[in-house]
Amino acid sequence: MTYLRTWKKGKRLYFALVRTRRIKRGAKKGKVVQEVVRYIGTTKDLYEFIEDAENKIRLEDVSVTNVLEYGPIVLLHKIASMIGLQEAIEKRCKENEVIPKIIEAISAYKAFKPLSKRKMAEDYPHTAFPMTLDLPQERFYPQAMCRAMDAIKYSDMNELLSDMREKLSLKHQVNVERMLIDGSVITSEGTKCELLTYGYHPMGMKKKQLTIFLAVTEGENIPVHLLIAKGNVKAYKVFHEILSDRKSVKRTFTTIVDNGFITAESLLDLRKLKIRIVTRLQHNSKVSKAVIRIVNGNFEEVTLYTGSKREISRAVSWSEIKERLEPEFDEIYAGFCFIAYKSYATTEEDHSAMRKKVEKAEKKLQKLKQECEAKKKRYNSTMKAVFAIVGGIERFVEYNVEMIERGAKLEYEILWEKFNREEEMYKYVVLATNVPDNSNVDMMDAYTKHYDIESVYRTLKSDIEIEPLRHWKKHRIESEIFLCVLALMLRSTLAILLKENAIPLSVNKLLKQLEYVKLVELNGKVMKESIGEGSELLSMIV
């Protein structure tokens, strides 16, 4: 039975459709559990869901005996044929003709409706996959999927991507001369995988993690190269090895250094490799403060390659700054130039979060002081509590703890004046680069491109649901990641088709519209039915 479940988080109500099922095997056999059929969202989302449901016709009322999901499946099958997905897999898996079809089905599922392998097998008969792929439902089950994954070798993955990219370039121009490369950490479930090492979850819970490095074409986001490495604690080491490889990394590439690597040590390391860098500097660094003083609030509005507008300063050379700083900075930044730009989102959010943290710490210190005055706290426990409260905001708090008879005395002061001075700094972001002859607009354009590769990882994690990886064996984990990258290629190719056909929809919105294109068996006859514009959109693209 499916029913609506409600829960409260903060001041908001959230809704989901939930059903109960009984576990059939294992240690918990016979136990009744709940599983979410569909997450709805907030109250506003619930109203939209009800309105949408009211507009749909009950299929049972018109003698419909079978309904098959059609729209997204036929579209993704056409795209898979366009990039030669089955041909590329078949070239390396000649012993079994079913494997390419299973690989296409899994990657298509991940592109529009990521499910577990068990749920894919359950959903498969209710889709048009058996007809489009000529693959009967008896041959599409979890064990067959795992065998198909085993047939993909890690050493062949980048060759497969290359074959599909070349096939796509016959119809649509794909420029591999300009690429975006980035790494990201993903989590895995399981305990026996030799590929993974322990990383640390922000909440303090241990989870298995690994790092994937992905190169995509600039603009189209077509996958070019995939590298899988162990753990997250050695991410910089792997990144350093990639950049040190003179054969694979051209010296003309520009490396955008963002969160995680913006330290003096990593910048000096990259400089020694003679790599071109565009980097964001930390807000409270001495170089950032020197640049902002020289700029002195003089900004001009420019239009970037994305069409967005930013207020940026003129380019400031190192020779203008070095007299204001210590000599050791010269080894890192000699030959660099700098710009500052006004931040509209990230840094203001960061500073707002910091203000809340300081205010929260002030309340906790006040409560701790009262407990000390009531002689409820000893010296050691007071010191331990203070260290926990001021962690991360030490520069804004001055405190003194003294040992007294049968207790401790706490005195503190929140340095709000210093905090407010830094607030002005948080309005600006300073960029530095060693790329020669770069104007201030060129530098801003180059740095802005890191948002494009970050959007690729958002797609992998949110829409394709690459994590958590529920596999134990090394080659299965590698194959699962590769299938997610294939799904990304399908979605990226679909985005190219949307642009070429001037359809003003995102990939997610289009796939949502196509969900209403069905194959319906009505009184023994099979016909295509559509609610809304889905059928027209499908005919425009296919």
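The structure holds 18 salt bridges, and several of them make a handy way into this predicted model. The protein has 542 residues, of which 44% count as buried, and its secondary structure comes to 21 helices and 19 strands. Here is a short tour, starting with the charged pairs and moving on to the cores, helices, strands and surface.

**Salt bridges**

- Asp 163 pairs with Lys 91, with 3.6 Å between the closest N and O atoms.
- Lys 117 and Glu 480 meet through their side chains in a salt bridge of 2.9 Å, N to O. Because Lys 117 sits in helix 5 and Glu 480 in helix 19, the pair ties together parts that are 363 residues apart in sequence.
- Both ends of that pair are covered: Lys 117 counts as buried at 14% relative accessibility, and Glu 480 counts as buried at 8%.
- Helix 19 also takes part in a link between Asp 463, in helix 18 (residues 450-463), and Arg 491, 28 residues apart. Their side chains form a salt bridge at 3.4 Å, N to O.
- Here the two ends fall in separate classes: Asp 463 is partly exposed, with a relative accessible area of 25%, whereas Arg 491 is buried, at 7%.

**Nonpolar cores**

- The largest nonpolar core has 84 residues, and Phe 140, Met 164 and Ile 481 touch the most other members. Helix 19 supplies the largest share of this core, 15 residues.
- Leaving aside residues up to four places away in sequence, Ile 481 touches Ile 186, Leu 210, Ile 212, Leu 226, Ile 228, Ile 466 and Leu 469.
- Another core, of 27 residues, lies apart from the largest one, and its members include Leu 267, Ile 277, Trp 318 and Phe 336.
- As general background, nonpolar side chains tend to be buried together in soluble globular proteins.

- Helix 7 (residues 142-150) has Ala 144, Met 145, Cys 146, Ala 148 and Met 149 as its buried residues. Their cover includes helix 4 (98-112), helix 5 (117-123) and helix 19 (474-500).
- In helix 10 (residues 264-272), the buried residues are Ser 266, Leu 267, Leu 268 and Leu 270. After helix 10 comes Lys 274, with a positive phi near 60 degrees.
- Lys 364 lies in helix 14 (residues 346-373) and counts as partly exposed at 43% relative accessibility. Its C-alpha is 9.6 Å from that of Val 390, which is 26 residues away in sequence.
- Among contacts between residues at least 6 apart in sequence, 65% join residues at least 24 apart.

**A strand hairpin**

- Strand 15 (residues 397-404) and strand 16 (residues 407-414) run antiparallel and are joined by eight bridges.
- Two residues separate these strands in the hairpin, and Arg 406 in the turn has a positive phi of about 60 degrees.
- Glu 398 has Glu 413 as its bridge partner in strand 16, while Val 401 is partnered with Leu 410 in strand 16.

**Surface**

- The protein exposes about 30200 Å², with carbon and sulfur atoms supplying 49% of it.
- A nonpolar surface patch is formed by Trp 7, Val 36 and Tyr 39, which together have about 310 Å² of accessible area. Of these, Val 36 is found in strand 3 (residues 32-41).

Conventions:
Residues are numbered from 1 along each chain as its sequence is written. This is a predicted model: local features need pLDDT of at least 70, side-chain atom pairs count only at pLDDT 80 or more; totals for chains, interfaces and linings use all residues. Side-chain values use heavy atoms; hydrogens and water are left out. Buried means under 20% relative accessible area, exposed over 50%, partly exposed in between (1.4 Å probe, protein chains only). Helices (H or I, at least four residues) and strands (E, at least two) are DSSP runs, numbered from the N terminus. Contact means heavy atoms within 4.5 Å. Patches are made of residues with over 30% relative accessible area and no salt bridge: like charges are joined within 9 Å, nonpolar side chains (Val, Leu, Ile, Met, Phe, Trp, Tyr) within 5 Å. Accessible areas come from the Shrake-Rupley method with a 1.4 Å probe; for residues, only the protein chains shown count as cover. A salt bridge is a side-chain nitrogen of Lys or Arg within 4 Å of a carboxyl oxygen of Asp or Glu. A nonpolar core is a set of buried Ala, Val, Leu, Ile, Met, Phe, Trp, Tyr and Cys residues joined through side-chain atoms within 4.5 Å. Two strands pair if DSSP finds at least two bridges between them.
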